[in-house]
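Okay, thanks for coming, everyone. Let me put the model up and talk you through a few bits of it.

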Amino acid sequence: MSSATRNPFSMTCCLRALLEDVSFTGRSLRMVATRPRILPSYQQTRAFTATPRRMQNEAAENEEEDDVDTGPRTITDKYKKLREEDGPEEEFELPPGSRIVPVSPSYFTGNSAFFDSWLTLKDLLYKYQTLPTLLPSEVPRTAWRTLADFRTMAGGTVQASKYKKVRAVLQRLNRIQPDLVPEDLKMVLENYKRPDFAAMQRRRPKIIDRFGRARGAGRRKTSNAEAYLVEGSGGCYVNGKPLFEMFPRVVDRESILWPLKVTNRVDRYNVWASSRGGGISGQAGAITLAVTKALLTHEPLLKPVLRRAGVITRDPRTVERKKHGKLKARDMPAWVAR
Amino acid sequence: MIPRRVVARSSQPSKIISRYTLCLRQQRSFSTETLTDGKASAPKGPLIVDFEEQVKLAASEPSRPSTIPQAQTLGRPLTKLEEYQRLKAAKHASDQIGGVLEDHYKPHELITNPPSPRDITLELLLASGAHLGHATALWNPGNQRFIFGIRQGIHLISLDVIAAHLRRAARVVHGVSKNGGIIIFVGTRFGQERAVVEAAKRTKGYHITERWVPGTITNKDQLLGDQKLRVLNHLDQEIQLTAQQKLQLKKKLAAAAKQDTSKVKVEETVQVPHGFGAVRPDLVVCLNPLENRTMLQECAQYRIPTIGIIDTDVDPTCVTYPIPANDDSLRAVQLIVGILGKAGQEGRLARYEGEAERMEELEKQQKRLAEAQRIKDEATETAQVHKDAEQAASDARQRDLERESLISNR
């Protein structure tokens, strides 16, 4: 080895070292594995080596085996033929001034995965921000990649807040008039869209099963309910019990049968419902919603009537959470002098 | 800025409309014709363009086929795209009508086409507000030599000092870029992002637009170790391996991994080995040193030169090459970073040029050597021929002598 080899910063030496490893003599191969590192100690851990550490270790193991076995069975013989085929070895010379530089211009941010995609999108936005846009309400619904998905795509860790910024830019780009979107932008946007979005959008059609049942599910407060509606003569069972037994109050019974009552179909359908959780009125409300949905499966044209009757909307009111510093959700502790 | 010259304003708005519609139909602009025609006929004073004449002129010329579709000819309503094209054409046709503004400030041009270091003038710096400092109470006395005076309670920085320091900094960036150094542009204030990124792009350098992560230089392997590096030559191209080198590498890897040679794949170019570690910059340009103390301290620790915009409230010794200027005005900051970016770009191009020249020189030298070799070979060949001829002649003489002796003997 020449004296240049001792300079760990010399690129030429590094690459020569790489090719010395390649020279097919048993001796130099052995040297790779066993020679003491000539690099300064602080460089030892990150020495410029041609092979990953794992491979080197393997090579070292081979070496030991060789030593244990016979000495002269060298790799020289093994490669002699190949070497003749290759012709003389080529000395590897890098052009002068070759240098090692980062690939990404965002290298020193430590987060090139995010910054590269972010800046690409910003560039596109600067380029196309004068194109006419749709109103926010007219923009076609789009689902962007999830954070985990984006991380895989970008190839690095990206904070959620950063991806939020990316999504904001995507949203703005997506507002551009669809007929005027340029090809390059289209391709980039396509890249950021969730791949399974089309499948997600397709809703499972509501069906009436082979027994003539339509299923509906509903919720109110903390109650869940499901109801099966069959064409019949007006029977109604909840959790296997008749309606009046389950709900002694008239209001609740009225509420459950209200969707059928307003559409004048009380005696045309049988209801089989089950409900869980919450209290009596909550369960009643949940069953109402479930019955409505099942009824809509049978007769979708009733929707406007039911909407006017106010049974299609899920009642969003629930118990407000308690806050610290308060006795209940909003109740303040009584004020005392000291 | 106030426009210096306003030309070609018509007193008849109705004619403008007629010309506008005509332009729309013909899809082209007459503005250049207007100016040249007007100049030819009346070179002095404000130009009055006769739009009537223009219309006649246009009508006399054969109409070109228009790419902009018309609703009447198509017989259907225009699509959104066609409508947009029409709108753009109309805009293009009409924006030449009226006054011409000269020498006015276009904010985007500092980013898209910044001035070169040669274009630094005191007027430019003054117009950008680079001379405005901070309230006198906030000053750092280290800046005394840069300060021109006090006006309305703020310090004003001397414009010629700004220009001199800016030129020096530009030379530094030029030189580092020419020698293939790694330059980082750091601007972490709101609004500086685009200018910083563009400057980095011009220089083929690196940018930081958000917080400087402490330790990026002092603890580089931990923070940057997992990002990709590559080996570039003087022309910023990756270095290709020859077929033989690839084969050698392949065999070596195959032997190490105990695999068949055909299964091993190697890259086309020279790769930075796994676990090489991170790199450090060779020059750092900082637009707001006040917020990046840590970074400047790290640079100082590793003897990395720094360039910084030093306002009147900043310590000028915190950077290697200060540029005394207003760091609170986006326009001034964009101007400065634009100029530095341009300097870097010029340095890079100078490197390419130098490399091309070097290659040419090398080629010439090789040619000369080959020529010399050829001449030498020829000479030896001729010598050989002469020698052979002599040999032949002497042989013949010898044979003659022998024959004579034979005859005489007989």
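So, helix α12 of chain A, residues 280–298, lies across β2, β3, β4 (236–238) and β6 of chain A, and runs at about 150 degrees to β2(A). For the angle, axes are lines fitted to C-alpha atoms, for helices over the stretch in contact, and angles go from 0 to 180 degrees between N-to-C directions. Contact means C-beta atoms, placed from the backbone, within 7 Å. Helices (H or I, at least four residues) and strands (E, at least two) are DSSP runs, numbered from the N terminus.

Quick housekeeping: this is a predicted model, where local features need pLDDT of at least 70 and side-chain atom pairs count only at pLDDT 80 or more, while totals for chains, interfaces and linings use all residues. Residues are numbered from 1 along each chain as its sequence is written, and chains are lettered from A and ligands numbered from 1 in the order in which they are written.

Now the sheet under that helix. In chain A, five strands make an open, mixed sheet, ordered β2-β3-β6-β4-β5; strands pair if DSSP finds at least two bridges between them. β2 (214–220) and β5 (241–242) of chain A are at the edges with a single partner strand each, so one side of each has no neighbour in the sheet. Further in, β3 (223–231) and β6 (269–276) of chain A run antiparallel, joined by eight bridges. Across that pair, Glu226(A) sits opposite Ser274(A).

Next, α11 of chain A, residues 250–262. Where does α11(A) bend? At Ile256(A), by about 45 degrees, with Pro259(A) following within four residues. The bend is the angle between axes fitted to the seven residues ending there and the seven starting there. Ile256(A) and Pro259(A) are also among the buried residues of this helix, along with Asp252(A), Ser255(A), Leu257(A) and Leu260(A). Buried means 20 or more other C-beta atoms within 10 Å of the residue's own, with C-beta atoms placed from the backbone. The cover over them includes β4, α10 (243–246), β6, α12 and α13 (303–309) of chain A. Just past the helix, Asn264(A) has a positive phi of about 65 degrees.

Last one, over in chain B: α9 (193–203) and α13 (330–409) pack at about 10 degrees, axes 7 Å apart. That makes α9(B) and α13(B) roughly parallel, the label for angles under 35 degrees.

Terms used
Contact = placed C-beta atoms within 7 Å. Parallel < 35°, antiparallel > 145°, perpendicular 65-115°, else oblique. Buried ≥ 20, exposed ≤ 12 C-beta atoms within 10 Å, placed from the backbone.
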